[in-house]
There are 4 protein chains.
Amino acid sequence: MTSAPGLRTAAAPAADPAADQLTAGAATEPVLGGLPAARPARSGPGDSPGDIGRLVVSCVDGPGIVARVSGFLHRRGANIVQSDQYSTGPVGGKFFLRTEFHLPGLAEQLADLEDAFAQEVAGPLNAEFRIRDAARPTRVALFVSRYDHCLLDLLWRARRGELPLQVELVVSNHADLAADVAAFGVPFEHIPVSKATKAAAEQRQLDLLRDRVDLVVLARYMQILTADFLSRVEVPVINIHHSFLPAFAGASPYEQAKNRGVKLIGATAHYATEDLDEGPIIEQDVARVSHRSSVAELTRSGADIERTVLARAVKWHCEDRVLVNGRTTIAF
Amino acid sequence: MTSAPGLRTAAAPAADPAADQLTAGAATEPVLGGLPAARPARSGPGDSPGDIGRLVVSCVDGPGIVARVSGFLHRRGANIVQSDQYSTGPVGGKFFLRTEFHLPGLAEQLADLEDAFAQEVAGPLNAEFRIRDAARPTRVALFVSRYDHCLLDLLWRARRGELPLQVELVVSNHADLAADVAAFGVPFEHIPVSKATKAAAEQRQLDLLRDRVDLVVLARYMQILTADFLSRVEVPVINIHHSFLPAFAGASPYEQAKNRGVKLIGATAHYATEDLDEGPIIEQDVARVSHRSSVAELTRSGADIERTVLARAVKWHCEDRVLVNGRTTIAF
Amino acid sequence: MTSAPGLRTAAAPAADPAADQLTAGAATEPVLGGLPAARPARSGPGDSPGDIGRLVVSCVDGPGIVARVSGFLHRRGANIVQSDQYSTGPVGGKFFLRTEFHLPGLAEQLADLEDAFAQEVAGPLNAEFRIRDAARPTRVALFVSRYDHCLLDLLWRARRGELPLQVELVVSNHADLAADVAAFGVPFEHIPVSKATKAAAEQRQLDLLRDRVDLVVLARYMQILTADFLSRVEVPVINIHHSFLPAFAGASPYEQAKNRGVKLIGATAHYATEDLDEGPIIEQDVARVSHRSSVAELTRSGADIERTVLARAVKWHCEDRVLVNGRTTIAF
Amino acid sequence: MTSAPGLRTAAAPAADPAADQLTAGAATEPVLGGLPAARPARSGPGDSPGDIGRLVVSCVDGPGIVARVSGFLHRRGANIVQSDQYSTGPVGGKFFLRTEFHLPGLAEQLADLEDAFAQEVAGPLNAEFRIRDAARPTRVALFVSRYDHCLLDLLWRARRGELPLQVELVVSNHADLAADVAAFGVPFEHIPVSKATKAAAEQRQLDLLRDRVDLVVLARYMQILTADFLSRVEVPVINIHHSFLPAFAGASPYEQAKNRGVKLIGATAHYATEDLDEGPIIEQDVARVSHRSSVAELTRSGADIERTVLARAVKWHCEDRVLVNGRTTIAF
């Protein structure tokens with residue numbers, strides 16, 4: 001059985017840290033969004049009411065899974081607040097479940113709950129799962145180059161409590177946005193990248209991220225991350241691409257869109273994988289344009305879509321709503 | 001406990017036909033969409049695979065409901081295919097559940113399943129519920145006046161198997177659309193309505209509908225149905241209003257929209273109630289317009305929205321996705 | 001100077017029928033939508049008020065074009081009702097103009113007006129132009145295979161007077177939709193196509209179309225038209241592709257979309273050219289989908305987008321709003 | 001003939017400053033957006049290329065207007081770059097025109113151009129008009145209370161050169177956002193408002209605005225402006241209302257929307273008038289919501305719509321695209 005980032009299996013309980021550390025391959029296919037649950041984020045403001053937990057489960061479909069899961073929660077005194085499930089096929093398909101539940105005293109009994117779930121449910125079902133305290137925000141690193149629209153929008157949404165995350169640091173290969181980031185009270189790390197220094201720069205990035213974040217967001221970071229970086233970062237990486245993928249993959253999508261004469265432009269948030277612009281899509285949206293729109297105007301309209309789509313994708317990920325299924329995602 | 005159309009309660013098992021017949025008040029507030037489950041529609045083509053059942057449940061929220069329901073289904077050999085739930089508040093709120101399940105031999109054991117559910121689950125929870133065989137289409141009457149766009153779209157979608165319904169008849173106060181309806185092989189009843197004949201006309205309509213349909217759809221029927229009709233029809237009535245309610249309620253909404261200079265127009269599908277244009281909203285959508293749009297052009301753009309919104313609302317209703325909650329709906 | 005379908009130049013007045021007949025290349029690049037103005041459609045119902053003309057002009061941009069055109073119309077007693085213009089660049093760019101004007105007695109003086117415009121305006125500007133009487137509907141042939149949604153929607157919109165066109169005939173390689181078309185009182189030509197009979201079938205199609213239509217619409221016609229057909233048909237051909245081009249060009253776009261996990265699907269109406277799925281885009285739209293949507297459901301949602309997008313594209317073309325600019329279109 | 005803010009008439013040439021000053025009534029009905037052209041904004045960065053002018057004209061419709069205007073521009077050596085026109089009816093209707101033109105040395109000859117246009121065109125047509133140098137940004141005051149989303153979005157868009165405006169100052173009845181505004185280098189004026197101090201506060205606001213701004217934007221300013229203020233401010237006032245007007249006018253629109261169970265929420269940008277929430281609508285947009293959305297979530301989704309809609313309305317106004325027509329607007 002292939003495990004995934006942040007997903008426990010019955011055979012690999014949370015007490016075993018190796019269970020959360022993933023192979024290179026797994027990092028590029030972050031099933032269930034891949035948050036390392038065993039290294040919980042520090043408590044933050046958030047706006048989730050207390051005692052709300054989130055359980056995500058993935059296994060081969062078959063009869064009785066919901067009964068087993070909900071029976072477990074009921075026995076533990078948890079009340080299901082919301083629940084979503086999806087199956088790729090009732091017989092032999094893959095089953096995905098996300099449940100929000102209310103359980104008084106959740107924080108204190110989280111570890112115990114995980115162990116019990118592993119033993120009573122995940123083991124018999126041979127399922128992967130993750131349980132999180134909704135009050136603990138996801139710890140995030142934002143990578144950016146010079147375009148500020150996605151970065152500022154995420155920082156602003158985080159500040160006003162719209163996103164259940166804590167921005168731990170901003171990493172940029174340019175110094176331009178240092179003052180803007182400082183205004184939000186967030187550390188800014190300027191790590192220039194050239195062809196010659198790329199390996200060293202990525203090593204420095206990895207050193208900064210280790211044990212500090214649960215998610216990396218590429219908020220218009222214009223450097224390609226190497227396969228080596230992606231395999232070693234050990235947390236999911238979300239990227240925003242400024243086109244409606246798979247159309248206009250690669251460079252200069254707005255010029256491509258102008259030349260092709262499309263009537264809508266779009267943006268795509270996806271998990272970064274070694275195959276550039278090919279990772280599982282989390283969210284997309286579009287805006288209407290016309291023959292009058294210059295490339296500069298497409299770029300501006302596109303910026304509005306980009307920041308909105310990225311904010312949605314990050315929010316859903318941090319709420320454990322995004323589960324990876326091969327090359328695609330389930331977005332509950 | 002107030003029952004609702006088509007919802008069984010533990011105290012009113014399916015064997016008692018009166019349990020499905022509702023009071024006048026209930027007909028104007030069709031909780032759970034109110035399909036009379038005990039008088040199933042005749043088997044039709046549809047495109048639901050066999051042995052798929054739908055269970056909708058509504059009760060006061062509390063711990064263990066999902067566990068109890070899913071446990072019941074599991075014991076009966078049913079595999080949950082999809083499930084949605086919503087609660088207006090974990091303590092003392094109202095809980096709504098819709099579950100699709102696969103159960104071999106569903107049709108043969110449906111009555112038995114209902115009885116068991118009433119006894120084992122609905123009774124203890126004091127819940128209303130309904131179980132339907134997805135293979136049995138909803139029987140529908142379409143009411144129309146002269147505008148053909150909503151009527152033809154529904155007939156066409158029904159013919160191509162997009163909607164899980166069977167159009168039993170079309171009722172119109174004009175003869176204009178008789179040939180169009182005949183082309184679809186559907187009975188057309190021309191019942192003129194004037195102020196003097198209104199009561200008789202409604203009586204004739206009720207006579208035609210009795211024991212024959214599970215739903216009435218007003219596909220741009222330009223007569224106001226009386227409170228008496230609504231209380232006696234005993235099945236839900238869906239109406240399409242040609243504005244984005246609550247804006248421009250009443251007559252001539254496109255003229256109103258033009259005069260007010262709005263930049264978007266819309267349409268609203270809702271359950272008909274005695275309070276005109278005030279019934280629970282099922283679905284809405286809008287289209288962009290500009291200062292250039294004349295009232296005639298607003299009317300045309302609006303027609304596209306109307307037929308799309310009404311088709312969605314009818315589809316969702318017939319799939320048991322729409323549950324009424326007071327003045328609003330849950331649309332799973 | 002390269003002329004285009006239906007565009008007169010000063011050097012090729014309307015009296016010369018050859019001016020409306022185009023080279024193979026031109027037919028695949030229908031500048032200005034390419035209606036053969038010299039062979040006017042027969043008068044039809046339409047809903048344009050009388051005495052409304054449409055003038056489209058295309059030339060190299062430079063100062064004074066609007067002054068010259070509007071001055072001409074004013075001298076002829078025409079009042080400009082609406083006017084749109086676009087330039088790809090003020091110096092050396094390409095200029096496009098579409099003007100609607102009111103001129104009492106338009107029909108009687110149309111030929112004279114054309115000659116005068118050629119001499120006084122188009123000649124000095126070295127411009128292509130076309131003047132049409134808005135009361136004369138575009139004559140259209142609809143090509144279809146088995147999917148009925150685009151065909152029926154166009155026939156229905158034409159019947160209710162929404163589109164300024166006259167459906168002259170429907171051509172299909174299958175007999176399935178004969179009865180549906182007959183119900184609209186439109187001739188239905190069944191021309192089966194196999195690999196062996198393709199050349200003969202296309203010849204028969206061309207024979208049916210000659211001197212009879214101004215536009216061919218491929219309303220989900222599942223046969224590829226040969227370059228030979230496109231070069232000889234002499235009128236523009238509009239196609240509807242069931243994807244958000246350039247994404248998922250080629251076969252089975254909904255399967256491709258499902259496999260790639262996109263969150264929006266779309267449809268694209270474009271002029272057919274020899275390069276399949278590469279012709280100038282007229283209109284596009286999208287609908288939101290989710291991981292739950294099966295290929296069958298994508299296909300259904302897509303059908304709604306397809307018929308809407310195609311209807312818009314056909315309407316705009318027939319209103320002379322679509323002007324081709326290389327690989328793209330201006331859509332006024 | 002009733003004049004309007006910033007519109008010259010032939011009888012009131014630009015040399016007469018009184019011509020730009022309007023009656024109390026006019027300020028609440030800002031025909032043509034009402035920028036006082038005679039007191040030009042100071043030159044700013046903007047991103048308009050030089051020598052681009054904008055001409056807006058409004059008069060009773062009749063033949064030859066476009067010919068006269070374009071002939072004038074051609075004689076003066078101007079090349080029309082873009083032009084939009086609209087008429088409420090060809091005979092006796094109201095005609096609106098917006099033209100962008102390129103004229104080398106525009107800045108130097110602007111006054112002369114205005115005088116000549118007044119004499120040669122506006123006089124004979126009895127038209128109102130305004131000519132602006134596109135390089136001169138609109139001077140704007142932003143009013144805000146505590147919600148920061150609209151304010152920060154406008155400040156950010158202004159900083160990155162997306163909007164052709166110069167933010168002269170921010171006025172707030174609370175001190176909360178002082179630091180945020182300071183980070184943009186914009187003066188922040190804290191003017192508390194209570195019932196007792198309202199008159200004095202408005203007087204102080206008027207003193208701050210006089211001769212300094214061309215536009216006031218209420219970016220979620222939660223105080224009602226008095227009729228006295230609106231009549232004396234002498235520049236247009238744009239407001240953002242957090243509902244899809246005319247639905248849910250008045251207080252707490254998101255609560256109203258939740259209670260009514262609508263499936264879409266929206267926002268409306270309009271010119272402020274004495275009749276609260278009744279001013280001419282400039283732009284609107286909506287977002288889909290569901291039964292799951294709490295009032296807090298509606299408020300958040302709504303905030304995204306509000307800032308987008310307001311930014312569009314302000315941009316269009318500053319580009320002279322918005323012309324008031326009674327209770328509605330033309331938005332070119």
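Residues are numbered from 1 along each chain as its sequence is written, with chains lettered from A and ligands numbered from 1 in the order in which they are written. Because the model is predicted, local features need pLDDT of at least 70 and side-chain atom pairs count only at pLDDT 80 or more, whereas totals for chains, interfaces and linings use all residues; side-chain values use heavy atoms, with hydrogens and water left out.

We can begin with chains C and A. Their contact (heavy atoms within 4.5 Å) takes in 34 residues from chain C and 34 residues from chain A. The size of an interface is often given as the accessible area lost when the parts come together. Here the buried area (the accessible area, with a 1.4 Å probe, that two parts lose on being put together, summed over both) is about 2,800 Å², and 54% of it falls on carbon and sulfur atoms. Three residues, Arg260(C), Lys263(C) and His291(C), account for 26% of the area that chain C buries against chain A, more than any other three residues.

One pairs Asp285(A) with Arg288(C), whose closest N and O atoms are 3.7 Å apart. Polar contacts (N or O atoms within 3.5 Å; within protein, one must be able to donate a hydrogen and the other to accept it, and residues adjacent in sequence count only if both atoms are side-chain atoms) join 19 residue pairs between chain C and chain A, both residues being at pLDDT 80 or more. On the chain C side, at least two residues each come from β3 (79-87), α8 (253-260), β12 (281-288) and β14 (328-331); these elements are DSSP runs numbered from the N terminus, helices being H or I of at least four residues and strands E of at least two. The largest share, 7 residues, belongs to β12(C). By class, the side of chain C that touches chain A holds 14 nonpolar, 8 polar and 12 charged residues, where Ala, Val, Leu, Ile, Met, Phe, Trp, Tyr, Cys and Pro count as nonpolar, Asp, Glu, Lys and Arg as charged, and the others, Gly among them, as polar.

Chains B and D form a contact with 34 residues from chain B and 34 residues from chain D. They bury about 2,900 Å² between them, 54% of it on carbon and sulfur atoms. In chain B, the residues that lose the most area to chain D are Arg260(B), Lys263(B) and His291(B), together 26% of what that side buries. Between chain B and chain D there are 4 salt bridges, including that of Arg288(B) with Asp285(D) at 3.7 Å between the closest N and O atoms.

Over all chains, the salt bridges number 116. Among them, Arg160(D) meets Asp148(A) at 3.9 Å, N to O. Arg160(D) is partly exposed at 28%, while Asp148(A) is buried at 11%. Another salt bridge pairs Arg157(C) with Asp304(B) at 3.1 Å, N to O. Arg157(C) lies in helix α4 (residues 149-159) of chain C and Asp304(B) in helix α9 (residues 295-318) of chain B, so this pair joins two chains. Arg157(C) is buried, with a relative accessible area of 3%. Within chain B, Glu319(B) pairs with Lys315(B), with 3.0 Å between the closest N and O atoms; Glu319(B) is buried at 12% and Lys315(B) partly exposed at 24%.

Conventions
A salt bridge is a side-chain nitrogen of Lys or Arg within 4 Å of a carboxyl oxygen of Asp or Glu. Buried means under 20% relative accessible area, exposed over 50%, partly exposed in between (1.4 Å probe, protein chains only).
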